[in-house]
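Look at the structure first, then try each task before you read its solution.

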Amino acid sequence: MLSIITSIKNPDINLFLDKLEIYRILVKNGLILEWVIQDHDKSSKIGAYIADIPFISYESKEDSGIYQAWNRALSRARGDKI
């Protein structure tokens, strides 16, 4: 399985939805992947868009910066390729 890791803060919702559509197409065509999203902003609206998507692992938690967010996301990744 391929794990795609994204660390975000205040994401542009249109860019996020574009990526989501690409990953949906890849999954539909047989690629086994998970999208691990670590969101720094607890008030983010992203969670509402991805609540029922099985290939997404999402966590929204304040952190001290990009490296802490990446480490959190890495600890949740289940794929053998990241």
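**Exercise 1.** Does Tyr23 count as buried or exposed, and at what relative accessibility?

*Solution.* Before we start, a word on the model: it is predicted, so local features need pLDDT of at least 70 and side-chain atom pairs count only at pLDDT 80 or more, while totals for chains, interfaces and linings use all residues. Residues are numbered from 1 along each chain as its sequence is written, and side-chain values use heavy atoms, with hydrogens and water left out.

Step 1: recall the cut-offs. Buried means under 20% relative accessible area, exposed means over 50%, and partly exposed lies in between (1.4 Å probe, protein chains only).

Step 2: apply them. Tyr23 has a relative accessibility of 15%, so Tyr23 counts as buried.

**Exercise 2.** Find the aromatic pairs in the whole structure and describe how their rings are arranged.

*Solution.* Step 1: set the rule. Rings of Phe, Tyr and Trp (its six-membered ring) pair if their centres lie within 6.5 Å; planes under 30 degrees apart count as stacked, over 60 as edge-to-face and the rest as tilted.

Step 1: search. Two aromatic pairs turn up in the whole structure.

Step 2: take Phe16 and Trp35. Their ring centres are 5.1 Å apart and their planes meet at 20°, so this pair is stacked. Phe16 belongs to helix H1 (residues 13–28) and Trp35 to strand S2 (residues 33–39), so the pair links distant parts of the chain, 19 residues apart. Helices (H or I, at least four residues) and strands (E, at least two) are DSSP runs, numbered from the N terminus.

Step 3: check burial. Phe16 is buried at 6% relative accessibility, and Trp35 is buried at 0%.

Step 4: take Tyr23 and Trp35. This pair is edge-to-face, with 4.7 Å from centre to centre and 75° between the planes. Because Tyr23 lies in helix H1 and Trp35 in strand S2, the pair ties together parts that are twelve residues apart in sequence.

Step 5: Phe16, Tyr23 and Trp35 form one aromatic cluster.

**Exercise 3.** Which residues of helix H3 are buried, and what covers them?

*Solution.* Step 1: list them. In helix H3 (residues 66–76), the buried residues are Ala69, Arg72, Ala73 and Arg76.

Step 1: look around the axis. These residues cover an arc of only 95°, which puts them on the same side of H3. The arc is that of the directions from the helix axis to the C-beta atoms.

Step 2: recall a general rule. An α-helix has 3.6 residues a turn, so residues three or four places apart point the same way.

Step 3: turn to the other face. The face of H3 turned away from its buried side carries the exposed residues Tyr67, Asn71 and Ser75.

Step 4: find the cover. The buried residues of H3 are covered by parts that include strand S1 (2–8), S2 and strand S3 (56–60).

**Exercise 4.** How many salt bridges does the structure hold? Describe each one.

*Solution.* Step 1: count. There are three salt bridges, each being a side-chain nitrogen of Lys or Arg within 4 Å of a carboxyl oxygen of Asp or Glu.

Step 1: start with Arg78 and Glu34. Their closest N and O atoms are 3.2 Å apart. The pair links distant parts of the chain, with Arg78 in the segment after H3 and Glu34 in strand S2, 44 residues apart. Arg78 is exposed at 60% relative accessibility, whereas Glu34 is buried at 1%.

Step 2: go on to Arg76 and Glu59. Their side chains meet in a salt bridge at 3.8 Å, N to O. Arg76 in helix H3 and Glu59 in strand S3 are 17 residues apart. Arg76 is buried at 18% relative accessibility, and Glu59 is partly exposed at 24%.

Step 3: finish with Asp80 and Lys81. Their side chains meet at 3.8 Å, N to O, and both residues are exposed.

**Exercise 5.** Which residues does Ile13 touch, not counting residues up to four places away in sequence?

*Solution.* Ile13 is in helix H1 and is partly exposed at 27% relative accessibility.

Step 1: list the contacts. Ile13 touches Ile46 and Tyr49, where contact means heavy atoms within 4.5 Å.

Step 2: compare sequence and space. Ile13 and Tyr49 are 36 residues apart in sequence and 9.5 Å apart in space, C-alpha to C-alpha.
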